[in-house]
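Thanks for coming, everyone. Please have the structure open.

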Amino acid sequence: MKTGPIALLLCAALLLTLAGCGAPRPEPDTRTPLAEPTQSAPQSAEGDETAAAAYAPEPPRSVDTSFPLLAAPFSEAESEAMANHNARRCALMVVNYYYCRCLYADGSRALVRYEIIDNNLRHRTRLVEDCPADYLSEHEGRLYYLNASACPESVTTDGSDRRTELDAACLSLQQQGGTLWCLLADGTLLALRGGEKEALLGGCAWAFVSEQGIFYTTRADGCAHLFDPTARTDVTLTAEAAFDPTVIGTTLYYAADEPDGRHFRALDLANGAQRRAEASFRGEAEFFRDWSGGWLLRFTGLGGAEGQQTLSLSAAFDGAADAQSVPGGELRRCRGIDDVLRTDELFTPDGTALGFELVLPGGGSYPSLAADNQPEKKEE
């Protein structure tokens, strides 16, 4: 993501304009959608096995845990990237453009682009039809994402030159400096550089590539690991299955299942200290920023309560007494973080998707609900 000083200034101006003006709605999409090329179907199970055999990586060498495990604390940018990865990011701010997935009233979806003009979102343009746009990122004028077949795909930021990067279904996609890290459906983590493929790990259920190693969980037991691709050494981080691992500073945060539900846990990668929150919750723990740039957590069903609760990361292990509760009736899932801006996907309690909302500090927002987005006719 290329945010940079210009984008931060634009975001600040956008926030100041909207802080006291309610919830303006984006302009309707009036542009004729671009023609969508034929998509290749994901590989069969047999094809996945063949691919795994062709790119089977050398097994990592397990080593004893020895703290500290990190050469330096994670930067704010690294932590934000990891939180976005867990959110299956489908919304992205790049300088004066906002790219996101749009849901329509008939259930269709598309990757769209807004332009920021006079501190407002204008000129919604459909770039790619039938596109969930999960794991969305940008590099040198191209957008990368998983398409409707879960294959890595890219398109220029104006919607032209659409192409499939890898003809294989993936669980996740990560883009770093032009390298695509593809977690194949069979659990193989593959690096794709200029068409060249290199398999790094096998048997992964989840993976995130950082400058200090590859964090991953195993398909066998769900435990979290840290892999050094240079030395090919592997350290086991948790004794139990870890959900949505996220590193902030030197601490690894994750959720673990127990008989009474999930509990939020923390492991200090600097000294091995561990913490466990007493209150249980249902679903996932989500990270996003508050107005000051600090980290907030949102839980579904924290402590057995209905709806969702939000509290500061610093209070996560002190109980939920100061949590702000959101009653049931409309649930949210963070799907994109851009510093203090975030994009939420909205759901009914039974899981029906309602649409998206760009949330700004101070109460302003840009909702884009499926009920307000009528399907558009293609040109004959």
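Start with a pair. Arginine 101 forms a salt bridge with aspartate 134, and the closest N and O atoms are 3.6 Å apart. Keep in mind that this is a predicted model.

Buried or exposed? For arginine 101, buried, because its relative accessible area is 12% and the cut-off is under 20%. Aspartate 134 is buried as well, at 9% relative accessibility.

Next pair. Arginine 142 forms a salt bridge with aspartate 161, with 2.8 Å between the closest N and O atoms. Arginine 142 lies in strand β7, residues 142-146. Aspartate 161 lies in the loop between β8 (152-156) and β9 (163-164), so this pair ties together parts that are 19 residues apart in sequence. Arginine 142 counts as buried, at 9% relative accessibility. Aspartate 161 counts as partly exposed, at 46%.

Third pair. Glutamate 165 forms a salt bridge with arginine 163. Here the closest N and O atoms are 2.7 Å apart. Both partners are partly exposed: glutamate 165 at 22% relative accessibility, arginine 163 at 36%.

Then there is a network. Salt bridges with shared partners join Asp257, Arg262, Glu284, Glu286, Arg298, Glu330, Arg332, Arg333, Arg342, Asp344 and Glu357 into one network. What is the count of salt bridges? It comes to 30. The general point is simple: side chains of opposite charge can pair when their charged atoms come close.

Back to β7, the strand that holds arginine 142. How many of its residues are buried? Five of five, and β7 is mostly covered. Look at the side-chain directions. Arg142, Tyr144 and Leu146 point one way from β7. Leu143 and Tyr145 point the other way. All of these are buried.

Now its neighbours. β6 and β7 run antiparallel, joined by four bridges. Leucine 143 in β7 is the bridge partner of glutamate 138. The hairpin of β6 and β7 has two residues between the strands. In that hairpin, glutamate 140 takes a positive phi near 50 degrees.

The bridge partner of leucine 143 in β8 is valine 155. So much for the pairing; now the turn. The hairpin of β7 and β8 has five residues between the strands, and there alanine 150 takes a positive phi near 65 degrees.

Which of its 22 lining residues are closest to its centre? Asn86, Ala205, Trp206, Phe243 and Asp244.

Which elements supply the lining? At least two residues each come from α3 (76-86), β10 (170-176), β14 (204-210), β18 (243-248) and β25 (331-338). By class, the lining of this pocket has 11 nonpolar, five polar and six charged residues.

To recap the charge pairs: arginine 101 with aspartate 134, arginine 142 with aspartate 161, and glutamate 165 with arginine 163. That's my part done. Thank you.

Conventions:
Residues numbered from 1 in each chain as written. Predicted model: local features only at pLDDT ≥ 70, side-chain atom pairs only at ≥ 80, totals over all residues. Heavy atoms only, no water. 1 Å grid on protein atoms, 1.4 Å probe; cavity = no way out; pocket = protein on both sides within 12 Å on 5 of 7 lines; lining within 4 Å. Nonpolar A, V, L, I, M, F, W, Y, C, P; charged D, E, K, R; others polar. Salt bridge = Lys/Arg side-chain N within 4 Å of Asp/Glu carboxyl O. Buried < 20%, exposed > 50% of the residue type's maximum accessible area, 1.4 Å probe, protein only. Pairing = 2+ DSSP bridges.
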